[in-house]
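I set down each item as I looked it up.

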Amino acid sequence: MDVSRQLFGIMPDGTEVFCWILTNEKGFIAKILDYGATIQSIIVPDKNGEPVDVVLGYDTLEGYISGDCYIGATVGRFANRIKKGRFELNGEKYELCINNGPNHLHGGEKGFDRCVWSAKQIGEKVVFSRTSPDGEEGYPGKLEVKVTFCWEGDSIKIEYEAETDRDTILNLTNHSYFNLNGEGKVDEHLLQIEADRYTVCDENCTPTGELAPVEGTAMDFRNFKTIGKDAYNDEPCVKPFGGYDANFVISGHPFAKATGDKTGITVVADTDQPGVQLYTANALTEQKGKGGADYGFRSAFCLETQHFPDCVNHPEWPSPILRKDEKFRSFTTYTFICGRTEKQM
Ligand code: BGC
């Protein structure tokens, strides 16, 4: 187990941005940036022992600053959508910026993904922290937030902690774009998700309030199937979005497994959050990424662990409210199984 850091780039205002390199006993490498508390690389061996970088990212800080797809970033204060940017808390009405159709998405114009976090090494972990001032992006309360990354065996563990001086709302996630083949489209990746239900959305990807069974729909990943199998169906859960961009109600643990068809690399995902957004890079702009790789439509998938989208407006769902003097804690793990192909179908 080893932790080191390297200068990655310099912000326009002169702030230095570092890349933290965490290596586990088997030589699996995770690289995390101060900018956006962003996972820049996860390098693990394929079935032949060759290293594969299984997440999308950029080689330069400029790539991240000009990027608009939250690649690898920590997303907050509120991941996913808030309908029309409106919510009510303790009888007070809040209006946040509208930055996605008619909705507020991923914390606003300058969310946590666009901030340089303070980072320090504690033993084998790297802790990223920041103070989000009262009123930042329209959210109430001064929020102290920490995101810790470490290897636990073959799992990259992400731990979130937060405290506020005033009641507020919070929904944190990591927006890694996985490609377990390293490049190309992910249509042939196998995926399994422990979810019997999903949050039905309108054409703006905002929940209608209905939790519908996955059974008989493209959303049924209870048994392994390829990502591409039903992604092009004519169903309202995929068609308007150009593929998957939907929240599953997690019903078992670990909640997901995916395998790259070419490399045999498997990621097993788990969390204590109630939901996960499966996003199949439907709107990922055509662009060059690390090492000149081509990124674009369907070149990755995200498993964004979260509270349900717009849950602040659905009191019947698990609540995203963080009260003054409460401590928020949550975790997500991505475990890599490499070098062997498991029988899955
Ligand atoms: C959203 C997508 C969005 C993507 C990148 C996902 O979490 O659900 O609609 O395009 O993030 O911004």
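**Entry 1: Tyr 70.** In which loop does Tyr 70 lie? I traced the chain and found Tyr 70 in the loop between α1 (61-66) and β6. I note at the outset that the model is predicted. I then looked up the backbone of Tyr 70 and recorded a phi near 60°, which is a positive value in a residue other than glycine.

I then looked up distances to oxygen atoms of the ligand. For Asp 245, an N or O atom of the side chain is 2.5 Å from a ligand oxygen. For His 175, the corresponding distance from a side-chain N or O atom to a ligand oxygen is 2.8 Å. For Tyr 279, a polar side-chain atom lies 3.3 Å from an oxygen of the ligand.

**Entry 2: the largest pocket.** A probe the size of a water molecule, rolled over the atoms, shows where empty space is left. What is the volume of the largest pocket? I noted about 530 Å³. The pocket is lined by 29 residues, and those closest to its centre are Asp 68, Cys 69, Tyr 70, Leu 105 and His 106. The lining has 11 nonpolar, 11 polar and seven charged residues. I also found that the largest pocket is the space taken by the ligand.

Entry 3: I recorded a volume of about 160 Å³ for the second largest pocket. Which residues line it? I wrote down Asp 53, Val 55, Leu 56, Asn 179, Gly 182, Glu 183, Lys 290, Ala 293 and Tyr 295. By class they divide into four nonpolar, two polar and three charged.

**Entry 4: the cavity.** How many cavities of 30 Å³ or more does the structure hold? I found one. The largest cavity contains about 30 Å³ of space. Its lining consists of Gly 76, Arg 77, Gly 107, Lys 110, Gly 111, Phe 112, Ser 132, Glu 136, Glu 137 and Tyr 139. I counted these by class as two nonpolar, four polar and four charged residues.

**Entry 5: cis peptide bonds.** Gly 76 and Arg 77, both in the cavity lining, are joined by a cis peptide bond with omega of about 0°. I placed Arg 77 in the loop between β6 (74-75) and β7 (81-82). I found another cis peptide bond from His 253 to Pro 254, with omega near -10°. Where is Pro 254 found? I located Pro 254 in the loop between β21 (245-250) and β22 (256-259).

Definitions and conventions: Residues are numbered from 1 along each chain as its sequence is written. This is a predicted model: local features need pLDDT of at least 70, side-chain atom pairs count only at pLDDT 80 or more; totals for chains, interfaces and linings use all residues. Side-chain values use heavy atoms; hydrogens and water are left out. A polar contact is a pair of N or O atoms within 3.5 Å; within protein, one must be able to donate a hydrogen and the other to accept it, and residues adjacent in sequence count only if both atoms are side-chain atoms. On a 1 Å grid over the protein atoms alone, a cavity is a set of points where a 1.4 Å probe fits but cannot get out, and a pocket is an open set with protein on both sides within 12 Å along at least five of seven lines; lining residues have an atom within 4 Å of a point. A molecule sits in a cavity or pocket if more than half of its atoms lie within 2 Å of its grid points. Grid points are joined across faces, edges and corners, and a volume is the space filled by probe spheres set on the points. Ala, Val, Leu, Ile, Met, Phe, Trp, Tyr, Cys and Pro count as nonpolar, Asp, Glu, Lys and Arg as charged, and the others, Gly among them, as polar. Helices (H or I, at least four residues) and strands (E, at least two) are DSSP runs, numbered from the N terminus.
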